[in-house]
Amino acid sequence: MALNYTISLTLILLMLHLRNINGDPPSPGYYPSSRIGSIGFDQAFDNRWGPQHQRLDQGTLTVWLDRSSGSGFKSVNSYSSGYFGAAIKLHPGYTAGVITSLYLSNNEEYPGNHDEIDIEFLGTTVDKPYVLQTNVYMKGSGDGNNIVGREVRFHLWFDPTQDFHNYAILWNPTEIIFFVDDVPIRRYPKTSDETFPLKPMSVYGSIWDASSWATENGKYKADYTYQPFIGKYNNFKIGGCAVNGPASCRPITGSASGGTGLSSQQYASMAYVQNNNKVYDYCSDSSKDHKLTPEC
């Protein structure tokens with residue numbers, strides 16, 4: 001009996017030790033992606049640019065960037081709210097200057113005054129991990145020469161080049177929540193109409209050259225001796241209120257309760273990521289003019 005207890009206790013301690021080494025966040029206890037069915041790329045999206053750098057094969061979309069072009073896609077519908085996700089696998093090795101993305105935008109409908117919600121993977125050098133950047137723009141704050149970004153950046157707790165992982169944006173009239181494998185990593189609540197995107201948006205994805213800023217503020221550029229740079233997407237999920245959809249559609253929420261915010265278990269999971277994986281927060285950047293970001 002004592003031996004069995006000792007073995008069980010040892011195994012528990014070993015599991016906790018390994019969990020700490022791996023750095024996995026605690027379970028959020030609720031998995032919003034399981035509530036949204038997958039949809040085929042050709043059912044929900046069209047090529048937006050670079051069609052010769054885009055291929056669909058057995059449900060997986062492959063896009064690539066080389067010296068001649070990158071590629072992008074856009075949803076058929078635009079939405080006033082919803083849950084928007086995809087499983088993404090990133091290119092390994094030297095990817096400095098390259099951005100692979102999943103985002104919401106209405107830039108084509110409101111040029112110069114657009115809204116945008118971003119998940120962007122900032123390419124990197126061989127010795128450093130990818131940076132996942134989340135960002136929110138509203139009412140043209142991402143347009144022109146005086147861009148006001150609301151960037152929060154993370155290092156992931158896994159290697160995003162080894163397998164597909166699920167990334168999602170939940171956007172409803174009261175909040176924006178960013179998810180990685182159903183773990184909430186950032187919540188941006190609505191504090192005023194002026195600091196929140198309210199106009200309908202479409203879903204986009206792309207791979208492109210952003211050498212001027214993407215990797216360590218442009219220190220490292222895209223090196224096309226490593227081309228092509230490849231991004232893969234599958235398991236697309238859209239659970240949203242389409243602009244031309246039924247008036248009875250109700251916005252999706254991020255927790256099982258159906259209310260605003262997250263459960264205590266989800267908040268604990270998010271806090272773990274914020275404390276252990278966050279590498280930049282615009283609200284903590286003393287070089288920023290926080291009069292322009294009053295929510296800070």
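## Disulfides in the model

A disulfide is taken here as a pair of cysteine sulfur atoms within 2.5 Å. The structure is a predicted model, in which local features need pLDDT of at least 70, side-chain atom pairs count only at pLDDT 80 or more, and totals for chains, interfaces and linings use all residues. Residues are numbered from 1 along each chain as its sequence is written, and side-chain values use heavy atoms, with hydrogens and water left out.

The count under the sulfur criterion is 2 disulfides. With the bonded cysteines of the chain numbered in sequence order, they pair as 1-2, 3-4.

## C241 and C249

C241 is joined to C249 by a disulfide, with an S to S distance of 2.0 Å. The torsion about this S-S bond is about -85°, so the link between C241 and C249 is left-handed.

Burial is stated as relative accessible area: buried means under 20%, exposed over 50%, and partly exposed in between (1.4 Å probe, protein chains only). C241 has 7% relative accessibility and therefore counts as buried.

## C283 and C296

The other disulfide joins C283 to C296, S to S 2.0 Å. The link of C283 and C296 is left-handed, with -80° about the S-S bond. Both C283 and C296 lie in the segment after strand 14 (278-281), so the pair ties together parts that are 13 residues apart in sequence. Strands are DSSP runs of E, at least two residues, numbered from the N terminus.

C283 is partly exposed, with a relative accessible area of 29%. C296 is also partly exposed, at 42%.

Terms used. Helix = DSSP H or I, 4+ residues; strand = E, 2+ residues; numbered from the N terminus.
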